[in-house]
Amino acid sequence: MSRIDAVWENCGPGIDAFMVCSRQNRYYLSAFTGSAGCLLIDGAHRFLITDSRYTEQARAEATLFEVVESRRVWDKAAELARSQGWKRIGFEAEHVTVHDYLRLLAQYRDLEWVPLTGIVERERRIKDDVERAHLQRAAQIADRALSGVLDHLHPGVSEREFQLALDHAMEEEGAEGVSFPTIVASGPRGSLPHAKPTERRFEDDDWVTIDFGAVYQGYHSDETVTIPLTNRARSGKLQIIYDIVLQAQKAGIKALRAGVFASQVDEIVRDVIIEAGFGEYFGHGTGHGVGLDVHEDPLLGPNPPNDVKLDEGMVVTIEPGIYLPQVGGVRLEDMLLVTAEGSTRLSAWNKE
Ligand code: ZN
Ligand code: ZN
């Protein structure tokens, strides 16, 4: 089944048409890469409404869609709905502002606007062969870039200098950009899970946590390594922490397979850290889906409201961490493709 047909089926019988305005969902369904526009689909029709900056590009990219030019997307959607006889229009509740929604209710009173959630996101969980190849390539770019800048990872270099070198190396390896602002946290700053790189210079005893990713063809990679700068660093407390996080991550990877619930994987990972006595220092979830967004469905956390049974073709991260205030922290993250028998690792950095 095509992506559009699957999405239309997800909408259920209660609506006449579905409006898709979020950038990633729009791209996923239409291949249109522009920054503005909305799709309007039903079982038979596929409209792409965008403004004059993008109409030529849209016609070239979104070949399955009829491109309609308008600067006022919602007005045009309402006009199309009336001409098609559509009354109930579904829209992406997560991606429409309250402001726009109130305007819809006030301006187009003859139409019914139906908020829907997760309609496209549900389809995006399973990656097809092309998406898997893009994600694999994104992960490779990031790994190669890190290998290439390892000689910058020594005492005296600042977090900021290292981040710039790594970002530059990812672009040189073929990244369109970075997946998110690269995290480099050294020494005691390692206890900040999402530390912003500073002018702090690496010291002999430091462990450095680097969370980084590359974008390739719109697809994101996401990986975290924690590296001791010197052999002396290995004799400190963080070596003990490292071994626990590594065991937790390995347990999670071992548990990963189609048919297992996301929360079960989180529980297995979390139990290793709790049993080692560091449960209170692992505050975040175990992982997340990754694709057109760096964080997407499914979430691997403790009892998420909508627990997801993992399936073949999902690409998720496993990223336990332990963060000790004033001491430092360790996080290890890999990207894995879920298979029937287990998983295939897409990020290749050896955490052993
Ligand atoms: Zn990450
Ligand atoms: Zn992540």
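Arginine 124 and glutamate 296 form a salt bridge, with their closest N and O atoms 2.8 Å apart. The model is predicted. Its chain splits into domain 1 (3-124) and domain 2 (129-345). This briefing covers the domain contact first, then the record, the backbone and the salt bridges.

**Domain layout**

- The centres of domain 1 and domain 2, taken over C-alpha atoms, are separated by 35 Å.
- Domain 1 gives 6 residues to the contact, and domain 2 gives 7 residues.

**Buried area**

- Interface size is often quoted as the accessible area that is lost when the parts come together.
- Here, domain 1 and domain 2 bury about 590 Å² between them.
- Carbon and sulfur atoms carry 40% of that buried area.
- On the domain 1 side, Gln24, Tyr27 and Arg124 supply 69% of the area buried against domain 2.

**Polar and charged pairs across the interface**

- Between domain 1 and domain 2 there are 3 salt bridges.
- The interface also shows 4 residue pairs in polar contact, counting pairs with both residues at pLDDT 80 or more.

**The domain 1 face**

- Which elements give two or more residues to the side of domain 1 that touches domain 2? They are helix 2 (23-30) and helix 6 (119-124).
- Helix 2 makes the largest contribution to this side, with 3 residues.
- By class, the residues of this side are 2 nonpolar, 1 polar and 3 charged.

**Database annotation**

- An unreviewed UniProt entry places the feature "domain: Creatinase N-terminal" at residues 14-126.
- Over residues 14-126, the chain is 38% helix and 24% strand.
- The end C-alpha atoms of residues 14-126 are 25 Å apart.

**Backbone details**

- Is the peptide bond from aspartate 297 to proline 298 cis or trans? The bond is cis, and its omega is near -5°.
- Proline 298 belongs to strand 14 (residues 296-300).
- Glutamine 217 has a positive phi, near 50°, and is a residue other than glycine.
- The loop between strand 10 (214-216) and strand 11 (219-220) holds glutamine 217.

**Salt bridges in the whole structure**

- How many salt bridges does a search of the whole structure find? The search finds 24.
- One links the side chains of aspartate 211 and arginine 331, at 2.9 Å from N to O.
- Aspartate 211 sits in strand 9 (residues 207-212) and arginine 331 in strand 17 (residues 328-331), so this pair ties together parts 120 residues apart in sequence.

How values were computed
Residues are numbered from 1 along each chain as its sequence is written. Chains are lettered from A and ligands numbered from 1 in the order in which they are written. This is a predicted model: local features need pLDDT of at least 70, side-chain atom pairs count only at pLDDT 80 or more; totals for chains, interfaces and linings use all residues. Side-chain values use heavy atoms; hydrogens and water are left out. Domain bounds come from an automatic or database domain assignment. Contact means heavy atoms within 4.5 Å. Buried area is the accessible area (1.4 Å probe) that two parts lose on being put together, summed over both. A salt bridge is a side-chain nitrogen of Lys or Arg within 4 Å of a carboxyl oxygen of Asp or Glu. A polar contact is a pair of N or O atoms within 3.5 Å; within protein, one must be able to donate a hydrogen and the other to accept it, and residues adjacent in sequence count only if both atoms are side-chain atoms. Helices (H or I, at least four residues) and strands (E, at least two) are DSSP runs, numbered from the N terminus. Ala, Val, Leu, Ile, Met, Phe, Trp, Tyr, Cys and Pro count as nonpolar, Asp, Glu, Lys and Arg as charged, and the others, Gly among them, as polar. UniProt positions are given in the numbering used here, feature names are shortened, and annotations may be inferred rather than shown by experiment.
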